[in-house]
Amino acid sequence: MHVPDGFLSPAITLPAYAVAAPLWALAARRHLGRDAADALPVVGALTALAFVVQTIAIPVPGGTSTHLVGVTLLAILYGPLLAFLCESLVLLLQALFFGAGGVTVLAVNALAMGLLGPLAGWAVHRLLRRRAGRAAAFLGAWVSMQVAAGAVALVLGLQHRVAPEYFPVPFAVSATALLAPSLAVTGLVEGLYTVLALALLRRADLRGLA
Amino acid sequence: MIRAAALALALALAPGAARGHEVLHELAPGHAAGLRVYYADGEPLAYQAYELWSPSDPRVPWQKGRTDRAGWIAFVPDVPGAWRVKVVDAGGHGLDAMVQVPAAQGGPPAGPGAGFVLRPLLGVAVIAAIFAALFAWQRRKGARS
């Protein structure tokens, strides 16, 4: 799901940075402020876990693979802004040290996988949690993956329309390639991962857990 | 129940563990075979469609593509032996020939190596260090105020 450097033109990456930068500042001020010390060990551990689950490739038919994102969990526990901040850190490390994604496309990837997806998942969870807690978490994580994949597909489709020399694949093809594994596999596994992790965390009753 | 489900999930993901989703690359000098196609007058068959078959599977092409501007086809053989190459130009000219790849050149690609296990660990270590520093900074700030 990571868009690599060179696939998006500055006409898309620069506005994305303009949107992401104030949100990063707001998220850091809100979640890394004076009262954050208690939550930091849990948030750090969940961020590291998100990094690890993103390195696990799930094979899907068609000779490709997909992966979890793992930050819907953070959005449910601490809010979508912290999920955005943590996913941005994960994406930055992946771009700088591991060749996944890229620095020019960091804001686009972070907005899609770190904000829009987890925001949708958080909203679904909030809406349904009183009726069915586990189902709400599962559905929230599933929706989060579809929104993130859809957002990446839309950006790539837009790029193809405005400057196909950056991304030569038409929207219909890239959207299918992104959404089919997400709908059929990744969403379900992300849902399962989120429900299990939430249950284990709540059972552990850790200090600083929201 | 939760533990059993967690174990099942871990087992399901285990085969793919420690493999990055990112697309990597490596430059391996000396591994590729280069084949140049040209007309009798030395004019290269530039940008022409070609297909290439490995002796390990003569039915499915190993590689398809177009020659480069100088008429070159480059490929990395999986096995030595007689490789079939077919180049067709738009005007109906072309080539359908067998080329011999020496034993020194053909071989399976190298595995991913230990880096694929170490990379997630390195990422976790960096994230842990960042949050530990943040935690220590917050505690110090809290102790002062």
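Me: What percentage of the residues of chain B count as buried?
Reply: This is a predicted model, in which local features need pLDDT of at least 70, side-chain atom pairs count only at pLDDT 80 or more, and totals for chains, interfaces and linings use all residues. Residues are numbered from 1 along each chain as its sequence is written, chains are lettered from A and ligands numbered from 1 in the order in which they are written, and side-chain values use heavy atoms, with hydrogens and water left out. Buried means under 20% relative accessible area, exposed over 50%, and partly exposed in between (1.4 Å probe, protein chains only). Of the 145 residues of chain B, the share that counts as buried is 26%.

Me: Where in chain A is confidence lowest, and where is it highest?
Reply: Confidence here is pLDDT, the predictor's score for each residue from 0 to 100; chain A averages 90, and 96% of its residues score at least 70. Helices (H or I, at least four residues) and strands (E, at least two) are DSSP runs, numbered from the N terminus. The lowest mean, 71, belongs to strand β2 (residues 64–66) of chain A, and the highest, 96, to helix α5 (residues 106–128) of chain A.

Me: Which residue in β4(B) is the bridge partner of B:Leu35?
Reply: Two strands pair if DSSP finds at least two bridges between them. Strand β1 (residues 33–36) of chain B and β4(B) pair in the antiparallel sense over 4 bridges. Strand β4 (residues 72–75) of chain B has an uncovered face with B:Trp72 and B:Ala74, and a covered one with B:Ile73 and B:Phe75. The bridge partner of B:Leu35 is B:Ile73.

Me: Why is the pair of A:Tyr17 and A:Trp24 edge-to-face, and at what angle are the planes?
Reply: Rings of Phe, Tyr and Trp (its six-membered ring) pair if their centres lie within 6.5 Å; planes under 30 degrees apart count as stacked, over 60 as edge-to-face and the rest as tilted. A:Tyr17 is partly exposed at 25% relative accessibility, whereas A:Trp24 is buried at 18%. The ring centres of A:Tyr17 and A:Trp24 are 6.1 Å apart, and the pair is edge-to-face because the planes are at 65°.

Me: Which ring does B:Arg84 lie over?
Reply: A charge sits over a ring if NZ of Lys or CZ of Arg is within 6 Å of the ring centre and within 35 degrees of the ring normal. B:Arg84 lies at 4.2 Å from the ring centre, over the face of B:Trp53.

Me: Is B:Tyr47 buried or partly exposed?
Reply: B:Tyr47 is found in the loop between β1 and β2 (49–53) of chain B. B:Tyr47 is not a glycine, yet has a positive phi of about 55°. Because its relative accessibility is 48%, B:Tyr47 counts as partly exposed.
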